[in-house]
Amino acid sequence: MKPILAHHWLATIPETEFKESLVSFFLGRVRNPNTFKAYRNALGRFLAWLGERKTEVTLVRPAMAAVYAAELGQKYAPNTVKQHLAALSEFYSHLATQGHIEHNPFSVVKRPRISMTTGKTAALTVPEVKKLIGSIGDSPVEKRDKALLLVLLYSWLRISAALNLRRRDVVETDGSLWLNVVEKGSKHRTIPLHPHARRVFEDYLAELGEMEPDSFVFQSWNRLAKRFSGNQLNAKRAYEMIRRRTKAIGIQDRKIGCHSTRVTACSTYLSTVHGASIDKARELGGWAKLETVRLYDRRCLDDHRAEVEKMSFA
């Protein structure tokens with residue numbers, strides 16, 4: 001996360017008794033840009049709620065925290081409620097550490113229990129992936145889009161890790177191309193690029209020409225100059241590209257987004273590669289827990305469907 005983004009938002013917060021704590025919380029403890037956005041939204045909503053009740057941040061007690069949690073539960077899905085309460089608990093824990101309050105009022109508030117055996121993110125089938133890649137042409141922008149999709153699919157990367165790649169992160173060793181990526185939680189990983197992805201990726205790099213080591217690999221397109229801008233392609237544009245291209249090949253029944261490529265990669269590996277295992281999938285995806293991998297594994301849905309179809313009441 002660029003610190004300037006945090007400073008810009010924090011500068012809009014009125015000068016209050018706790019602003020110094022707010023600044024130190026966001027700039028000292030919230031490093032991930034996605035976490036920053038989520039916590040900013042959670043705290044912003046809560047501060048507005050307190051403002052309506054003319055209540056100071058440091059005067060919130062467990063009963064009031066419980067009321068707020070109940071109101072969240074009436075408006076939002078359990079995952080969102082859990083995320084908001086986690087952000088507020090983290091913030092009030094920070095205030096307690098700094099001596100502004102004695103106890104964290106959100107520490108005793110129960111968060112929704114969420115039990116999932118299969119994730120909700122939609123995946124693509126192998127034929128759909130082939131159709132998607134085959135539908136993309138050879139213009140400079142299309143070469144970029146195709147390269148990005150194949151990097152995501154073959155390398156199991158989150159969109160943020162792929163878009164943060166710089167030229168210096170692409171290294172050739174022993175005849176293979178490797179990507180040095182920084183994943184969620186500041187985890188550094190070195191990932192080999194599949195030969196299929198490499199051919200398309202190098203074709204795209206040729207379009208970029210000579211690059212400085214710090215140059216972003218996946219860049220936005222300057223329509224006026226008709227060339228790549230040198231600026232990083234942002235996640236919203238990448239998402240819009242994936243949505244547009246999947247709709248163009250007739251996929252209307254599922255909402256395919258950036259994270260769908262990660263689910264597709266995991267499920268395809270487990271269902272098509274001989275000797276594939278959950279544990280190896282965990283390593284390839286950079287997950288800490290096997291339980292997380294199972295959320296990405298869609299084989300159980302196919303097995304379930306096959307068993308149900310064996311039944312008959314006709």
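This is a predicted model: local features need pLDDT of at least 70, side-chain atom pairs count only at pLDDT 80 or more; totals for chains, interfaces and linings use all residues.
Biologist: At what angle do helix 3 and helix 5 pack?
Modeller: About 80 degrees, with the axes 9 Å apart. Helix 3 covers residues 33-52 and helix 5 covers 78-97. That makes the two roughly perpendicular (65 to 115 degrees; under 35 is roughly parallel, over 145 roughly antiparallel, the rest oblique). Axes are lines fitted to C-alpha atoms, for helices over the stretch in contact, and angles run from 0 to 180 degrees between N-to-C directions. Helices are DSSP runs of H or I, at least four residues, and strands are E runs of at least two, numbered from the N terminus.

Biologist: Which residues meet there?
Modeller: From helix 3, they include Ala38, Tyr39, Phe46 and Leu50. From helix 5, they include Gln83, His84, Phe91 and Tyr92. Contact means heavy atoms within 4.5 Å.

Biologist: And by class, how does the contact of helix 3 with helix 5 divide?
Modeller: Eleven nonpolar, three polar and two charged. Nonpolar is Ala, Val, Leu, Ile, Met, Phe, Trp, Tyr, Cys and Pro; charged is Asp, Glu, Lys and Arg; the others, Gly among them, are polar.

Biologist: What about helix 7 and helix 11?
Modeller: They pack at about 45 degrees, axes 7 Å apart. They are therefore oblique to each other. Leu149, Leu152 and Leu153 in helix 7 meet Thr261, Thr264 and Ala265 in helix 11.

Biologist: New topic. How much space lies in the second largest pocket?
Modeller: About 610 Å³. A pocket is an open set of points on a 1 Å grid over the protein atoms alone, where a 1.4 Å probe fits, with protein on both sides within 12 Å along at least five of seven lines. Points are joined across faces, edges and corners, and volume is the space filled by probe spheres set on them.

Biologist: Which residues are closest to its centre?
Modeller: Leu153, Tyr154, Trp156, His194 and Ala265, of 21 lining residues (an atom within 4 Å of a point). Helix 7 and helix 11 are among the elements giving two or more residues to the lining.

Note on methods
Residues are numbered from 1 along each chain as its sequence is written. Side-chain values use heavy atoms; hydrogens and water are left out.
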